[in-house]
Amino acid sequence: MGQVFRMGMYHPDHPLGVYQVANQVHVLDPPRAIGWRTGEEKEGGHMEFGGWTWRDDLVPLGPSETEVRLMYDWSAVPASIREYLGFPPFGAGHLVGSLRHLAALAADG
């Protein structure tokens, strides 16, 4: 735990539109769960987290199928971020699109 992974992001309500997040793993229970805190890397490599966490619980359904249950907690997000970013920041279809993208990457990789 504690590993950091970065992702390029886009959100039309973000001040920059295109940005990068730095996520720190805080739950790692292979092959059942992974959870992370979302933040950003500041000058000098300092990590700053925005107050929200994500968690995926994974349940194998067969040799090539897995149920994914996404949970998130945004209760600690400060007002300064809530001013420009509504929560949840993505619609219900976001998870399905993300999983399709991830599956395509896994098939190509």
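Which elements each supply at least two residues of the lining of the largest pocket?

The model is a predicted one. The protein has five strands and two helices, and from the N terminus on these elements follow the order β-β-β-β-β-α-α. The protein has 109 residues, and 23% of them count as buried. Among the contacts with a separation of 6 or more, 25% are between residues 24 or more positions apart.

Now to the pocket. The largest pocket has a volume of about 1,000 Å³. The elements that each supply at least two residues of its lining are β1, β2 (18-29), β3, β4, β5 and α2 (93-108). The element that gives the most to this lining is α2, with seven residues. In total, 39 residues line the largest pocket. Those that lie nearest its centre are Met7, Met9, Val21, Asn23 and Thr38.

The aromatic rings come next. The structure holds four aromatic pairs. One of them is formed by Phe5 and Trp36, with an edge-to-face arrangement, 5.8 Å from centre to centre and 70° between the planes. Phe5 belongs to strand β1 (residues 4-10) and Trp36 to strand β3 (residues 33-41), so this pair ties together parts that are 31 residues apart in sequence. The two partners can also be described by their accessibility. Phe5 is partly exposed, with a relative accessible area of 28%. Trp36 has a relative accessible area of 12% and is buried, because buried means under 20%.

Another edge-to-face pair is made by Trp54 and Trp74, at 5.4 Å centre to centre and with 75° between the planes. Trp54 lies in strand β4 (residues 47-62), while Trp74 lies in the loop between β5 (65-73) and α1 (79-82), so the pair ties together parts that are 20 residues apart in sequence. Are Trp54 and Trp74 buried or exposed? Both are buried. These two residues also belong to a cluster, in which ring pairs link Trp54, Tyr72 and Trp74.

Arg37 lies over the face of Phe49, at 3.8 Å from the ring centre.

Strand β4 also contains Asp57. The relative accessible area of Asp57 is 17%, and this residue counts as buried because the cut-off is under 20%. What does the side chain of Asp57 make a polar contact with? The partner is the side chain of Arg55, at 2.9 Å. If neighbours within four places in sequence are left aside, Asp57 is in contact with Arg32, Ala33, Glu67, Val68, Arg69 and Met71.

One detail of the backbone remains. Pro30 and Pro31 are joined by a cis peptide bond, with omega at about -5°. Where is Pro31 found? Pro31 sits in the loop between β2 and β3.

Technical notes. Residues are numbered from 1 along each chain as its sequence is written. This is a predicted model: local features need pLDDT of at least 70, side-chain atom pairs count only at pLDDT 80 or more; totals for chains, interfaces and linings use all residues. Side-chain values use heavy atoms; hydrogens and water are left out. Rings of Phe, Tyr and Trp (its six-membered ring) pair if their centres lie within 6.5 Å; planes under 30 degrees apart count as stacked, over 60 as edge-to-face and the rest as tilted. Helices (H or I, at least four residues) and strands (E, at least two) are DSSP runs, numbered from the N terminus. Buried means under 20% relative accessible area, exposed over 50%, partly exposed in between (1.4 Å probe, protein chains only). A charge sits over a ring if NZ of Lys or CZ of Arg is within 6 Å of the ring centre and within 35 degrees of the ring normal. A polar contact is a pair of N or O atoms within 3.5 Å; within protein, one must be able to donate a hydrogen and the other to accept it, and residues adjacent in sequence count only if both atoms are side-chain atoms. Contact means heavy atoms within 4.5 Å. On a 1 Å grid over the protein atoms alone, a cavity is a set of points where a 1.4 Å probe fits but cannot get out, and a pocket is an open set with protein on both sides within 12 Å along at least five of seven lines; lining residues have an atom within 4 Å of a point. Grid points are joined across faces, edges and corners, and a volume is the space filled by probe spheres set on the points.
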